[in-house]
Amino acid sequence: MFEKFSLNKGKTAMPKHEDTKSISIPNHVAIIMDGNGRWAKKRGLPRVAGHREAMKTIKRVTKEADRLGVKVLTLYAFSTENWKRPKAEVDFLMKLPQQFLNSYLKELIEQNVQVKAMGDLSRLPTYTLSAVNDAIEKTKANSGLILNFALNYGSHAEIVQAVKKIIREAHSPEDISEKMIADHMISPALPDPDLLIRTGGEIRLSNFMLWQLAYTELYFSEEYWPDFNEQSLQDAVRAFSSRQRRFGGLAEGSENP
């Protein structure tokens with residue numbers, strides 16, 4: 001179901017023009033970007049230095065995901081639990097979307113990337129929300145990779161919100177189905193992730209897309225997010241491609257028990 005990979009795996013990089021038809025490319029990749037603070041601490045830097053470096057990683061991973069043929073890239077940028085962090089760090093994190101989009105929006109537009117966001121955006125500072133909405137508006141006609149930021153997102157809150165919507169619509173219990181619940185989630189238009197990557201060496205989901213990850217392949221990397229690069233993403237995609245997804249069924253050719 002999942003694999004944990006250590007550093008320096010020694011695999012060769014996919015050439016720029018490698019025929020990726022020989023491997024299975026996940027349509028939707030979701031990433032829990034973990035390890036920014038530890039990356040900075042290891043170098044004797046303040047935690048915010050790791051968050052600043054993380055923006056460069058987002059840029060290169062987005063470009064590589066697009067090159068590989070990934071259709072949706074969802075990044076866990078800020079969780080509903082992250083408000084518990086020191087105020088100075090939260091304030092800095094709230095400025096990062098604005099800094100990232102101010103620096104790279106033009107390039108994202110040129111690359112035909114469409115920006116989306118999911119979560120309770122109403123709690124975001126005005127300057128953060130304005131930058132996000134501006135990017136969504138300016139890229140809404142793009143038809144390439146969807147770069148979806150999870151901001152002030154928590155899966156428990158998302159599920160509770162979906163249930164509340166269903167109750168307000170006065171559906172009878174008999175009407176409620178998995179599809180109805182899924183359709184009331186924050187981003188019903190996006191397919192469920194095929195591959196979840198978590199960096200930083202931790203092996204947990206941290207309240208991220210729990211409904212949508214029911215049959216997602218899990219990949220855990222020891223690398224801190226600022227160290228994650230094109231090669232790292234390629235390794236994760238190769239691991240995904242080597243697995244056989246059965247969605248609760250049996251492998252082709254297997255006999256029934």
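Biologist: In strand E6, which residue is the bridge partner of Ile31?

Modeller: Ile197 is the partner of Ile31 in E6. Bear in mind that this is a predicted model. Strands E2 and E6 (residues 195-198) pair in the parallel sense, over four bridges.

Biologist: Which strand do five bridges join to E2?

Modeller: That is strand E3 (residues 72-79), and E2 and E3 run parallel. In E3, Val72 stands opposite His28.

Biologist: How do I read the two faces of E2?

Modeller: Start with the general idea. Side chains in a regular strand alternate between the two faces of the sheet. Now the case here. His28, Ala30 and Ile32 lie on one side of E2, with Val29 and Ile31 on the other. Both faces are covered, and these residues are all buried.

Biologist: Now salt bridges. How many does a search of the whole structure find?

Modeller: The search finds 17. To count, a side-chain nitrogen of Lys or Arg must be within 4 Å of a carboxyl oxygen of Asp or Glu. Lys63 and Glu107 meet this way, at 3.8 Å from N to O. Lys63 sits in helix H2 and Glu107 in helix H3, so the pair ties together parts 44 residues apart in sequence.

Biologist: How far apart in helix H3 are Lys87 and Asp91?

Modeller: They are four residues apart, about one helical turn. Their closest N and O atoms are 2.7 Å apart, in a salt bridge. Lys87 is exposed, at 62% relative accessibility. Asp91 is partly exposed, at 28%.

Biologist: Are Arg243 and Glu217 buried or exposed?

Modeller: Both Arg243 and Glu217 are buried. They form a salt bridge too, with the closest N and O atoms 3.1 Å apart.

Definitions and conventions. Residues are numbered from 1 along each chain as its sequence is written. This is a predicted model: local features need pLDDT of at least 70, side-chain atom pairs count only at pLDDT 80 or more; totals for chains, interfaces and linings use all residues. Side-chain values use heavy atoms; hydrogens and water are left out. Buried means under 20% relative accessible area, exposed over 50%, partly exposed in between (1.4 Å probe, protein chains only). Two strands pair if DSSP finds at least two bridges between them.
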